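Take a look at the protein below.

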Amino acid sequence: MKPVRVIKPAVGTRRLDDPRTARVLVDGDGTPTDVDGQPVAHVRESWLIEDRWWTDQPLHRRYWELVSQSGRDIVVFRDLLGGSWFRHR
C-alpha cells in the first residue's frame, strides 16, 4: 500500500470560490439594485438554498445572479439566518 500524501495549502491562500462580504442595496421587494457601488441593470435568476438542516450548522441562503449596468455578471447571496450579504468572485 502506498502512503497517502497530504498537500496543505500555502499560508495566505484561499479557495477561489470563497464568498466575500458585499454591500448590497435592495428595493422594497428585497431585490438587489446595487452591489458594491455597481448599479444592477438586470436580474437573471434568483434561487433559494436550504441545506444541512439536519446539522448544527444549517444553510439557508437566497442567491441572485445579476448583470451590472457595465455588463458584468455578479452572483450574490444573502445569509437568511444571519442577514449578511456575500459576493462570489
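How many helices and how many strands does the protein have? It has zero helices and seven strands. Keep in mind that this is a predicted model. From the N terminus on, the elements run β-β-β-β-β-β-β.

**The sheet**

The seven strands form an open sheet. Their order is β1-β7-β6-β5-β4-β3-β2, and the pairing is antiparallel. Two edge strands, β1 and β2, each pair on one side only. In general, strands of a sheet pair through backbone hydrogen bonds, either parallel or antiparallel.

Here are some of the strands and their residues.

| Strand | Residues |
|---|---|
| β1 | 20–21 |
| β2 | 24–26 |
| β4 | 38–51 |
| β7 | 85–88 |

Thr21 stands opposite Phe86 in β7.

Now move to Leu48, which lies in strand β4. Is Leu48 buried, partly exposed or exposed? Leu48 has 39% relative accessibility, so it counts as partly exposed. The cut-offs are under 20% for buried and over 50% for exposed. Leaving aside neighbours within four places in sequence, Leu48 is in contact with His60, Arg61, Arg62 and Leu80. Take Arg62: Leu48 and Arg62 are 14 residues apart in sequence, and their C-alpha atoms are 4.6 Å apart in space.

**The whole protein**

The protein has 89 residues, and buried residues make up 24% of them. It exposes about 7000 Å², with carbon and sulfur atoms supplying 51% of that area. Among contacts with a separation of 6 or more, 34% are between residues 24 or more positions apart.

Key. Residues are numbered from 1 along each chain as its sequence is written. This is a predicted model: local features need pLDDT of at least 70, side-chain atom pairs count only at pLDDT 80 or more; totals for chains, interfaces and linings use all residues. Side-chain values use heavy atoms; hydrogens and water are left out. Helices (H or I, at least four residues) and strands (E, at least two) are DSSP runs, numbered from the N terminus. Buried means under 20% relative accessible area, exposed over 50%, partly exposed in between (1.4 Å probe, protein chains only). Contact means heavy atoms within 4.5 Å. Accessible areas come from the Shrake-Rupley method with a 1.4 Å probe; for residues, only the protein chains shown count as cover. Two strands pair if DSSP finds at least two bridges between them.
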